[in-house]
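Colleague: Before we discuss the fold, could you put the model on the screen, so that we can go through it together?

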Amino acid sequence: ASGAYAQALELDPANVIADKNLRRLTQLKDTEVRAPRESRHAGPQHFIEEIGKAGVVDLSQLASPEVMVRMVAGDAVFLRVDEPVLVVESGHGEYLGQVGPKNAQRLIKLMAGGNQYSAAVVNVAEDRLIIIIREEYQHPSQAGLLSFPPRGLEKLQPYFSEKALRDELEEEEGEPREIYGVSDDE
């Protein structure tokens, strides 16, 4: 694989994919590769983002490059509550990073209430790890609570035009209205 990527770079020095994979393979040479403790890859259905039940999150406080280089898209990862943070670990129990505070607080609360979650790597780079977290089981006490509320709903505000209000007030003060061909007098 290293030879193929090197040859691809010779033919096209701007080939970002070949460059990234060649660097990754170079890092892997010095890294011990181990079999995971559970199934290494998540199934394809895991990557369907279902509104309210699944969310894609960017991790913070990432592990060292030596740990990150062993991760690939599709790898199953595991969530562990370490109050007040939600830690993400590899199949070997190695620390990978933390879920952001906003999502972590909500998920920790739901997990304490009995919800269960699975997670998998969506994208990995030297300085970034993106995972998808999926609600696998919702405890009956959590019925109606979304694990991942749609973005922007918390800032939703009613909008009512002043013109519409003015028009309605004028109608109430003026002559009888006609709605669907029937006037107020009938």
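Colleague: What share of the contacts in the chain with a separation of 6 or more comes from residues 24 or more positions apart?

Modeller: This is a predicted model, in which local features need pLDDT of at least 70 and side-chain atom pairs count only at pLDDT 80 or more, while totals for chains, interfaces and linings use all residues. Residues are numbered from 1 along each chain as its sequence is written, and side-chain values use heavy atoms, with hydrogens and water left out. With contact taken as heavy atoms within 4.5 Å, the share contributed by residues 24 or more positions apart is 65%.

Colleague: In what order do the strands of the open sheet lie?

Modeller: Helices (H or I, at least four residues) and strands (E, at least two) are DSSP runs numbered from the N terminus, and two strands pair if DSSP finds at least two bridges between them. Six strands form the open sheet, with antiparallel pairing, and the edge strands, each pairing on one side only, are β1 (54-58) and β4. The order is β1-β6-β5-β2-β3-β4.

Colleague: Which residue of β4 stands opposite Val 88?

Modeller: β3 and β4 (residues 95-98) run antiparallel and are joined by three bridges. They form a hairpin with five residues between them, and Gly 93 in the turn has a positive phi of about 85°. The residue opposite Val 88 is Gly 97.

Colleague: Why do the buried residues of α4 line one face of the helix?

Modeller: Buried means under 20% relative accessible area, exposed over 50% and partly exposed in between, with a 1.4 Å probe and protein chains only. On that basis the buried residues of α4 are Ala 104, Leu 107, Ile 108 and Leu 110. Seen down the helix axis, they line one face because they fall within an arc, taken from the directions from the axis to the C-beta atoms, of 165°.

Colleague: Which residues are exposed on the other side of α4?

Modeller: The buried residues of α4 have cover that includes β2 (76-82), β3 (85-89), β5 (116-125) and β6 (128-137). On the other side of the helix, the exposed residues are Pro 101, Lys 102, Gln 105, Lys 109 and Ala 112.

Colleague: At about what angle does α4 run to β3?

Modeller: Axes are lines fitted to C-alpha atoms, for helices over the stretch in contact, and angles run from 0 to 180 degrees between N-to-C directions. The helix α4 lies across β1, β2, β3, β5 and β6, and its angle to β3 is about 90°.
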